[in-house]
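Open the model in your viewer and keep the selection tool ready.

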Amino acid sequence: MSTHTLSVLVENSPGVLARVAGLFSRRAYNIDSLAVGPTENPDISRMTIVINVESHSLEQVIRQLDKLVNVIHIAELKLSDSVQAELLLVKISATSKNRFDVDAVLDTYGAAIVDEDADSMTIEATGDAAKISDLLNALERFGIRELAQSGLVAIERGSGSLADRTLSTQSIPTADSGQADYQN
Amino acid sequence: MSGASSLVQSLESAGVDVMFGIPGGAILPAYDPIFDSSIRHILVRHEQGAGHAATGYAQVTGRVGVCIATSGPGATNLVTPLADAAMDSVPLVAITGQVPSAAIGTDAFQEADIRGITMPFTKHNYLITDPNDIPRAIAEAFYIAGTGRPGPVLVDIAKDALQKETDFVWPSQLSLPGYHPQLEPENQAIKDAAALIAQSSKPVLYVGGGVIKANASKELMQLAELVGAPVVTTLMALGSFPDSHPQHFGMPGMHGTVGAVTALQKADLLITLGARFDDRVTGKLSTFAVNAKVIHADIDPAEIGKNRFADVPVVGDLKHTISALIPAIKAEFAKGRADLAPWLASMNKLRATYPLGYDAPKDGSLSPQYVIERISALTGPEAIYVAGVGQHQMWAAQFVKYENPRTWLNSGGLGTMGYAVPAAMGAKVGAPDATVWAIDGDGCFQMTNQELVTCALNNIPIKVAIINNESLGMVRQWQTLFYEGRYSNTNLESKRVPDFVKLADAMGCVGLTCDRPEDVDAIIKKANAINDQPVVVDFRVFRDAMVWPMVAAGTSNDDIKIAREMAPDWDSQEL
């Protein structure tokens, strides 16, 4: 078993998340994380899906996903060829007494305080899974009250764009779509 | 015009000539323009019947079958035929009414999320709430259903979208950026496949239903005769290659012939054409054809490598693929090829040693296999045969002689009991000049026989042979073999109740009955002579007849039994 990050461009149409989630569920593929958001094109959304499968079934996952009519393009983003990040919001117990210690941790991880009151503060951080995990370990001693974490999002390194390569869609003349007589 | 008129005009523009359905509240606006349409609407008695009828029509004609139902229970009654069509790759468009868009999500009267329900087993589906979207959705639905690997598409339309005013504009172009079926195989794959075929000394053509969908029977014949290998046709492929051809080894799988099962098991190369290595064919997968390399040609890339690794994957339409393979193989053969003679000799000997057969019941009662054999012999290979699911289905697969594609319809993948009567109805509508025999079980028949009323009222004179063993026969067979003969809930008592002759009569059909072997031919001839009414024949057959050969579920094809406790005598075979 190994972890793979798939970047999936889908039509921004109702039900597309249910189609993808349903496919994973009915074919018994495990999703580690799923993040959906808009892209530079308002008609297209990007799903970043992290799955844990054997390499044989990775191919199956991709082919089955590709059968969904609303799925336009699928690319596997390898760690070495992509920038990957998660978003973390974490509420910790903190007061003015340990504020200095917290600040030191936050500086190390490039994290920021986005909300605070007398006995707690909420911290925002982004980064890859290892960095987020290290930050959480470092914050543990202050007492974690609540945390919210996004799925992973990822983008290919370099100047290329998945959308450029895939959105030259040819139109289908409807003459082909009517009831042709298929009989020999 | 109204959205409803736009819908009907869209269906006409898509070339629909017939549809099967039942009106109801949410779809009611559509039924008003249907009243004036050139499309023939056949009013069925249950929506499941509409779905299977559309399937039967599609299987026989190769065109997209159409069914229509209302929201809620009307739509959920289509679930089984849609799942059935998805498993057997049948091009279908289902139209359902939905509650008005403002009521969606409120648990309104007759509301069901049919788009959500059918996501797993439709090729694609739509929920339309804007009447302006209707023509595009219908055009896309027909295109998606009928191209690539065929399958069912559902279009759910909110009632207010049917009622609102709109302009009908049939799209001149479709834009489906995520849907590009690959028809042409890649040259390299064809070359690699041809090279493997030339090297193989024990090849088998493993032919699936895809050959029929692709209308590639003529090409298959050329390929088969060029290669000279044994041809096995799966349950979904019967008729794609003539049973009478000397290279035909029959059906592989759980109830396949010893020749077909063994040819696959002992082969060094499987030339797989539109088949999907279903568990009913492979038996225990890890023991299936262990010495064989695999060429896997299919239009659906996701089938390749799903169950069995493919040494040479070939994605494309089979008509194109086989047409490309033939010259490539000829070129390879010109350079030389392996000798098939020892392989063919041993396979032919095996086939001759273990033909399909059955014992006549010792008590003189009617043998179900005999009945089916005689229906085939007296009706001929131009007729269309439709089966339900169970023992009678396997016997119909084994003992009817198929010579032509699209003459054998059954529910292969989903195994839907009750498929036969409505599918036969749809088949007869699609091929009105053909004789259509539904070979059904007494269990199956009692699930969907109400469509005989539809047949009687709409001049759809199908013939139904009920193979009445008063049991859920296949389940009973498993109880005999694997549950020590403890017949829990498989006794239907259908030689007592219902009276099938009276039931047929009540539904406007001719009802006949037969329980003696000597009467079989006369009854079949009588049924074949009736062409103005549906006919139902209650063949009251020997209860304990079993389907053989058999590979028990989950076991290896090497453990095939030709009868109870009887394995083929492998030691005498030189393999």
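Predicted model: local features only at pLDDT ≥ 70, side-chain atom pairs only at ≥ 80, totals over all residues.

## Stop 1

Domain 1 of chain A puts eight residues into the contact, and domain 2 of chain A puts in six residues.

Stay on the domain 1 side. Colour β1 (2–11), β2 (31–38) and β3 (44–53) of chain A; each supplies at least two residues of the side that touches domain 2 of chain A. Which strand gives the most to this side? It is β2(A), with three residues. Sorted by class, this side of domain 1 of chain A has four nonpolar residues, four polar ones and no charged ones.

## Stop 2: a sheet in chain B

Move to chain B. Strands of a sheet pair through backbone hydrogen bonds, either parallel or antiparallel. Select the open sheet of five strands in chain B and step across it in the order β9-β8-β10-β11-β12. The pairing is parallel.

Which strands are at the edges? They are β9 (231–233) and β12 (312–315) of chain B, and each pairs on one side only. From one strand to the next, the twist averages 15°.

Zoom in on β11 (residues 293–298) of chain B. Four bridges join β11(B) to β12(B), in the parallel sense. Show the residues here: H296(B) stands opposite P313(B) of β12(B).

## Stop 3: a pair of helices in chain B

Two packed helices are described by the angle between their axes and the distance between the axes. Select α12 (residues 258–266) and α15 (residues 341–353) of chain B. They pack at an angle of about 150°, with their axes 8 Å apart. Angles over 145 degrees count as roughly antiparallel, so that is how α12(B) and α15(B) run relative to each other. Their crossing is right-handed.

Finish with the side chains. From α12(B), show V258(B), G259(B), T262(B) and A263(B); from α15(B), show M347(B), L350(B) and R351(B). These residues make the contact. They divide into four nonpolar, two polar and one charged.

Technical notes:
Residues numbered from 1 in each chain as written. Chains lettered and ligands numbered in written order. Pairing = 2+ DSSP bridges. Axes fitted to C-alpha atoms, helices over the stretch in contact; angles between N-to-C directions. Parallel < 35°, antiparallel > 145°, perpendicular 65-115°, else oblique. Left-handed = near helix turned anticlockwise from the far one by under 90°. Contact = placed C-beta atoms within 7 Å. Nonpolar A, V, L, I, M, F, W, Y, C, P; charged D, E, K, R; others polar.
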